[in-house]
Amino acid sequence: MKYITLTASETLVMKCIWSTARELSLADIFEMVNKQYRKNWKYQTVSTFLAKLVQKRFVCTRREGHRILYQVLITEADYCAEQALEFINFWNKGSVSQFVLSLCKERKLTKQELKELKIILAESES
């Protein structure tokens, strides 16, 4: 599925929402984004980002008494996978191997990462 790309600020808000398994209120998200990402955003700023995320259908709202709770509609894994594929297609002409090689040039892989990659490659061959 093709998702709309998030802005950097929207991504921070979504990272907070994705980091918990429960529905969150504006107050929860406000506190999390300011604490985790050392922001000094006001309630209205976070509320505006949440409204945009509702429009983009990343989250939906549910009323519980006087509170509005935000529920995830698009998982972090799904969004991340799509963004990775778009990146690979744009910067590496669709070549996963070229993408991995460019990563390895910038940072040496750990033994654990190499082990995990070998497992993934072995599974993809079968």
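**View A. Helices H2 and H3 are roughly perpendicular to each other.** The model shown here and in the other views is predicted. The axes of H2 (residues 26–36) and H3 (residues 43–55) cross at roughly 110 degrees and come within 10 Å. This crossing angle counts as roughly perpendicular because that class runs from 65 to 115 degrees. On the H2 side, the contact is made by Leu26, Ala27, Ile29, Phe30 and Val33; on the H3 side, by Tyr43, Val46, Ser47 and Leu50. By type, the residues of the contact of H2 with H3 are 8 nonpolar and 1 polar, with no charged residue.

**View B. Phe30 and Tyr43 form a stacked ring pair.** A search of the whole structure finds 9 aromatic pairs. In the pair of Phe30 and Tyr43, the ring centres are 4.1 Å apart and the planes stand at 25 degrees, so the pair is stacked. Phe30 belongs to helix H2 and Tyr43 to helix H3, so the pair ties together parts that are 13 residues apart in sequence. Phe30 has a relative accessible area of 18% and is buried. Tyr43, at 41% relative accessibility, counts as partly exposed.

**View C. Phe87 and Trp91 form a tilted ring pair.** The centres of these two rings lie 6.3 Å apart, with the planes at 40 degrees. Both residues are in helix H4 (residues 76–91), where a spacing of 4 residues separates them by about one helical turn. Phe87 counts as partly exposed, with a relative accessibility of 41%. For Trp91 the value is 57%, and this residue counts as exposed.

**View D. Ring pairs link four aromatic residues into a cluster.** The members are Tyr3, Trp18, Phe58 and Tyr79.

**View E. The largest nonpolar core has 23 residues.** Val13, Met14, Ile17, Ile29, Leu50, Leu53 and Phe58 touch the most other members of this core. Helices H1 (8–18), H2 and H3 each supply at least two of the core residues. H1 gives the most, with 6 residues.

**View F. Leu50 is in contact with residues from several places in the sequence.** With neighbours within four places in sequence left aside, the contacts of Leu50 are Val13, Ile17, Leu26, Ile29, Val59 and Tyr70. Leu50 also takes part in the meeting of H2 with H3, and is one of the residues that touch the most other members of the largest nonpolar core.

Definitions and conventions:
Residues are numbered from 1 along each chain as its sequence is written. This is a predicted model: local features need pLDDT of at least 70, side-chain atom pairs count only at pLDDT 80 or more; totals for chains, interfaces and linings use all residues. Side-chain values use heavy atoms; hydrogens and water are left out. Axes are lines fitted to C-alpha atoms, for helices over the stretch in contact, and angles run from 0 to 180 degrees between N-to-C directions. Angles under 35 degrees count as roughly parallel, over 145 as roughly antiparallel, 65 to 115 as roughly perpendicular and the rest as oblique. Contact means heavy atoms within 4.5 Å. Ala, Val, Leu, Ile, Met, Phe, Trp, Tyr, Cys and Pro count as nonpolar, Asp, Glu, Lys and Arg as charged, and the others, Gly among them, as polar. A nonpolar core is a set of buried Ala, Val, Leu, Ile, Met, Phe, Trp, Tyr and Cys residues joined through side-chain atoms within 4.5 Å. Buried means under 20% relative accessible area, exposed over 50%, partly exposed in between (1.4 Å probe, protein chains only). Rings of Phe, Tyr and Trp (its six-membered ring) pair if their centres lie within 6.5 Å; planes under 30 degrees apart count as stacked, over 60 as edge-to-face and the rest as tilted.
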